[in-house]
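This report is for a reader meeting the structure for the first time. Please look over the sequence and the model before reading on.

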Amino acid sequence: MDIRIYVGNLPKTTTQDEISTLFAQAGTVSSVDLVKDKMSGQSKGFAFVSMPTQTEADKAISMFNAYSMGENALKVNVAKPRVER
């Protein structure tokens, strides 16, 4: 099962391809889900990256937490399970 990673504080102009390319430096990227505003289509500033192993996910978290992207310091950690409202 893939490990899901939360990536926050992304610049609003960031694309899925940029995130995928960045995280590929740490290992295999299974998927990238860039969260966008439904009305404008612009990024909301966070995404979820899935990686196949805990080792790759841990490496990505250590490499990219506080990583400077644009003028933003990224917040990267293991995604928490979604809570139903």
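The text below covers a sheet, a helix and a pocket in this predicted model.

**The sheet**

Strands of a sheet pair through backbone hydrogen bonds, in a parallel or an antiparallel way. Here, four strands form an open sheet in the order 2-3-1-6, and their pairing is antiparallel. The edges are taken by strand 2 (31-36) and strand 6 (75-78); each has a single partner strand, so one side of each has no neighbour in the sheet. On average, neighbouring strands of this sheet are turned by 20 degrees against each other, direction ignored.

| Strands | Bridges | A bridge pair |
|---|---|---|
| strand 1 (residues 3-8) and strand 6 | four bridges | Val-7 and Val-76 |
| strand 2 and strand 3 | five bridges | Ser-31 and Ser-50 |

Strand 2 and strand 3 also make up a hairpin, with six residues between them. Gly-41 lies in the turn of this hairpin and has a positive phi of about 80 degrees.

**The helix**

Helix 1 (residues 16-23) lies across strand 1, strand 2, strand 3 (43-51) and strand 6. Against strand 2, helix 1 runs at about 140 degrees.

**The pocket**

Rolling a probe the size of a water molecule over the atoms shows where empty space is left. The largest pocket has a volume of about 230 Å³. Its lining consists of Arg-4, Asp-33, Val-35, Phe-48, Ala-79, Lys-80, Pro-81 and Arg-82. By class, this lining of the largest pocket holds four nonpolar and four charged residues, and no polar ones.

How values were computed: Residues are numbered from 1 along each chain as its sequence is written. This is a predicted model: local features need pLDDT of at least 70, side-chain atom pairs count only at pLDDT 80 or more; totals for chains, interfaces and linings use all residues. Side-chain values use heavy atoms; hydrogens and water are left out. On a 1 Å grid over the protein atoms alone, a cavity is a set of points where a 1.4 Å probe fits but cannot get out, and a pocket is an open set with protein on both sides within 12 Å along at least five of seven lines; lining residues have an atom within 4 Å of a point. Grid points are joined across faces, edges and corners, and a volume is the space filled by probe spheres set on the points. Ala, Val, Leu, Ile, Met, Phe, Trp, Tyr, Cys and Pro count as nonpolar, Asp, Glu, Lys and Arg as charged, and the others, Gly among them, as polar. Two strands pair if DSSP finds at least two bridges between them. Helices (H or I, at least four residues) and strands (E, at least two) are DSSP runs, numbered from the N terminus. Axes are lines fitted to C-alpha atoms, for helices over the stretch in contact, and angles run from 0 to 180 degrees between N-to-C directions. Contact means heavy atoms within 4.5 Å.
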